[in-house]
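My notes follow in the order I took them.

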Amino acid sequence: MQKTRFAIVGCGDVANEMGRVNRFIRRLEIAACMDIDINRAEKFAKKFKVRETYSDYDALLENSQLDFVYLSVPHYLHYPLIQKALEKGLDVLCEKPVTIDLEDAFDLCRRSQQSGIKIGVNYQY
(Lines give C-alpha, C1' and ligand atoms only; values in the text may rest on other atoms or scores of the structure.)
Protein backbone atom coordinates (compact mmCIF):
# COMPACT_ATOMS: atom_id res chain seq x y z
CA MET A 1 0.00 0.00 0.00
CA GLN A 2 1.42 3.36 -1.02
CA LYS A 3 1.15 5.88 1.79
CA THR A 4 0.20 9.52 1.50
CA ARG A 5 3.18 11.48 2.77
CA PHE A 6 2.75 14.74 4.64
CA ALA A 7 4.63 17.19 6.81
CA ILE A 8 3.50 18.67 10.07
CA VAL A 9 4.44 22.35 10.33
CA GLY A 10 4.44 23.66 13.88
CA CYS A 11 5.16 20.92 16.44
CA GLY A 12 3.21 22.21 19.45
CA ASP A 13 0.25 20.78 21.34
CA VAL A 14 -2.23 20.65 18.45
CA ALA A 15 0.32 18.95 16.20
CA ASN A 16 0.92 16.34 18.89
CA GLU A 17 -2.78 15.52 18.80
CA MET A 18 -2.53 15.06 15.02
CA GLY A 19 0.49 12.82 15.56
CA ARG A 20 -1.45 10.65 17.99
CA VAL A 21 -4.43 10.36 15.64
CA ASN A 22 -2.15 9.58 12.71
CA ARG A 23 -1.01 6.37 14.42
CA PHE A 24 -4.44 4.88 13.58
CA ILE A 25 -4.45 5.85 9.90
CA ARG A 26 -2.23 3.39 8.08
CA ARG A 27 -2.47 5.16 4.71
CA LEU A 28 -0.78 8.29 6.07
CA GLU A 29 2.88 8.82 6.85
CA ILE A 30 4.30 11.82 8.67
CA ALA A 31 7.32 12.13 6.39
CA ALA A 32 8.69 15.35 7.87
CA CYS A 33 8.09 17.91 10.56
CA MET A 34 9.09 21.54 10.90
CA ASP A 35 9.20 24.02 13.74
CA ILE A 36 11.20 27.22 14.10
CA ASP A 37 12.46 25.66 17.35
CA ILE A 38 14.53 22.78 15.99
CA ASN A 39 14.63 21.12 19.42
CA ARG A 40 10.83 20.94 19.47
CA ALA A 41 10.84 19.52 15.92
CA GLU A 42 13.41 16.89 16.90
CA LYS A 43 11.46 15.94 20.02
CA PHE A 44 8.31 15.59 17.91
CA ALA A 45 10.19 13.53 15.32
CA LYS A 46 11.52 11.15 17.93
CA LYS A 47 8.10 10.74 19.56
CA PHE A 48 6.32 9.97 16.27
CA LYS A 49 9.18 8.32 14.35
CA VAL A 50 9.48 11.07 11.73
CA ARG A 51 12.62 10.82 9.59
CA GLU A 52 13.06 14.43 8.47
CA THR A 53 13.15 17.52 10.67
CA TYR A 54 13.42 21.15 9.63
CA SER A 55 13.49 24.58 11.21
CA ASP A 56 12.92 26.35 7.88
CA TYR A 57 9.66 26.04 5.93
CA ASP A 58 11.23 26.81 2.55
CA ALA A 59 13.81 24.07 3.08
CA LEU A 60 11.06 21.64 4.01
CA LEU A 61 9.12 22.40 0.84
CA GLU A 62 12.24 22.22 -1.30
CA ASN A 63 13.74 19.02 0.10
CA SER A 64 10.87 16.74 1.14
CA GLN A 65 8.81 14.49 -1.09
CA LEU A 66 5.30 15.32 0.13
CA ASP A 67 1.68 14.97 -0.92
CA PHE A 68 0.42 17.68 1.43
CA VAL A 69 1.31 19.84 4.42
CA TYR A 70 -0.54 20.19 7.68
CA LEU A 71 -0.24 23.64 9.27
CA SER A 72 -0.46 23.98 13.02
CA VAL A 73 1.06 27.43 13.35
CA PRO A 74 -0.09 30.84 14.60
CA HIS A 75 -3.05 32.21 12.65
CA TYR A 76 -1.17 35.09 11.04
CA LEU A 77 1.16 32.57 9.35
CA HIS A 78 -1.59 30.58 7.63
CA TYR A 79 -1.95 32.76 4.54
CA PRO A 80 1.75 33.08 3.61
CA LEU A 81 2.49 29.41 4.32
CA ILE A 82 -0.53 28.22 2.34
CA GLN A 83 0.57 30.45 -0.56
CA LYS A 84 4.01 28.83 -0.58
CA ALA A 85 2.53 25.32 -0.49
CA LEU A 86 0.23 26.16 -3.39
CA GLU A 87 3.21 27.45 -5.37
CA LYS A 88 4.86 24.04 -4.83
CA GLY A 89 1.70 22.23 -5.92
CA LEU A 90 0.95 20.80 -2.48
CA ASP A 91 -2.46 20.33 -0.94
CA VAL A 92 -2.88 21.88 2.52
CA LEU A 93 -4.72 20.97 5.70
CA CYS A 94 -4.71 23.97 8.01
CA GLU A 95 -5.96 24.53 11.53
CA LYS A 96 -8.76 27.07 11.76
CA PRO A 97 -9.06 29.82 10.73
CA VAL A 98 -7.79 29.54 7.17
CA THR A 99 -6.72 33.22 7.31
CA ILE A 100 -7.21 36.24 9.53
CA ASP A 101 -8.32 38.43 6.62
CA LEU A 102 -11.39 37.79 4.48
CA GLU A 103 -9.74 39.02 1.26
CA ASP A 104 -6.84 36.62 1.83
CA ALA A 105 -9.34 33.78 2.24
CA PHE A 106 -11.01 34.73 -1.06
CA ASP A 107 -7.60 34.87 -2.71
CA LEU A 108 -6.79 31.34 -1.53
CA CYS A 109 -10.19 30.10 -2.76
CA ARG A 110 -9.51 31.57 -6.20
CA ARG A 111 -6.04 30.04 -6.33
CA SER A 112 -7.34 26.67 -5.22
CA GLN A 113 -10.11 26.68 -7.83
CA GLN A 114 -7.73 27.73 -10.61
CA SER A 115 -5.05 25.19 -9.75
CA GLY A 116 -7.14 22.28 -8.49
CA ILE A 117 -4.99 22.16 -5.36
CA LYS A 118 -7.02 21.45 -2.24
CA ILE A 119 -7.07 23.54 0.93
CA GLY A 120 -8.84 22.03 3.94
CA VAL A 121 -9.52 23.56 7.32
CA ASN A 122 -9.38 21.36 10.40
CA TYR A 123 -12.05 22.08 12.97
CA GLN A 124 -11.88 19.20 15.43
CA TYR A 125 -14.43 20.52 17.90
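**Entry 1: the salt-bridge network**

I began with charged side chains and found R5, E29, R51 and E52 linked in a network of salt bridges. By salt bridge I mean a side-chain nitrogen of Lys or Arg within 4 Å of a carboxyl oxygen of Asp or Glu. The model is predicted, so I note the limits: local features need pLDDT of at least 70, side-chain atom pairs count only at pLDDT 80 or more, and totals for chains, interfaces and linings use all residues. Residues are numbered from 1 along each chain as its sequence is written, and side-chain values use heavy atoms, with hydrogens and water left out.

I looked at E29 with R5. Their side chains form a salt bridge of 3.3 Å, N to O. This pair joins distant parts of the chain, with E29 in strand β2 (residues 28-34) and R5 in strand β1 (residues 4-9), 24 residues apart. I take helices (H or I, at least four residues) and strands (E, at least two) as DSSP runs, numbered from the N terminus.

Next I checked exposure. Buried means under 20% relative accessible area, exposed over 50%, and partly exposed in between (1.4 Å probe, protein chains only). E29 is partly exposed at 22%. R5 is partly exposed, also with a value of 22%.

E29 has another salt bridge, to R51, at 3.8 Å, N to O. This pair also links distant parts of the chain: E29 is in strand β2, while R51 sits in the loop between α2 (38-48) and β3 (52-54), 22 residues apart. R51 is exposed, with a relative accessible area of 74%.

I then searched the whole structure, which gave 8 salt bridges. One that I looked up joins R20 and E17, with the closest N and O atoms 2.5 Å apart. Both residues lie in helix α1 (residues 13-22), 3 residues apart, or about one turn of the helix. R20 is partly exposed at 31% relative accessibility. E17 is partly exposed at 45%.

**Entry 2: the whole protein**

I stepped back to the overall build. The protein has 5 helices and 6 strands. Read from the N terminus, the order is β-α-β-α-β-α-β-α-β-α-β. The radius of gyration is 14 Å, close to the 14 Å that the globule rule gives for 125 residues, so the protein is as compact as a globular protein of that length. That radius is taken over C-alpha atoms, and the rule is 2.2 Å times the number of residues to the power 0.38. The C-alpha atoms fill a box of roughly 40 × 30 × 30 Å along the principal axes.

I also noted the totals. Of the 125 residues, 42% count as buried. Among contacts with a separation of 6 or more, 56% come from residues 24 or more positions apart. Contact here means heavy atoms within 4.5 Å. The protein exposes about 7600 Å², and carbon and sulfur atoms supply 50% of that. Areas come from the Shrake-Rupley method with a 1.4 Å probe; for residues, only the protein chains shown count as cover.

**Entry 3: helix α4**

How many of the 10 residues of helix α4 are buried? I get 7, so I log α4 (residues 78-87) as mostly covered. The buried ones are H78, Y79, L81, I82, Q83, A85 and L86. Their cover includes β1, α3 (57-63), β4 (68-71), β5 (91-95), α5 (102-115) and β6 (119-122). Just after α4, G89 takes a positive phi of about 80 degrees.

**Entry 4: two buried residues**

I looked up S72 in the loop between β4 and α4. S72 is buried, at 14% relative accessible area. Leaving aside neighbours within four places in sequence, S72 contacts V9, G10, V14, A15 and E95.

Then I turned to C33, in strand β2. Is C33 buried or exposed? C33 counts as buried, at 0% relative accessibility. Not counting residues up to four places away in sequence, C33 touches I8, C11, A41, F44, A45, V50, E52, T53 and Y54. I also took a distance: C33 and A105 are 72 residues apart in sequence and 25 Å apart in space, C-alpha to C-alpha.
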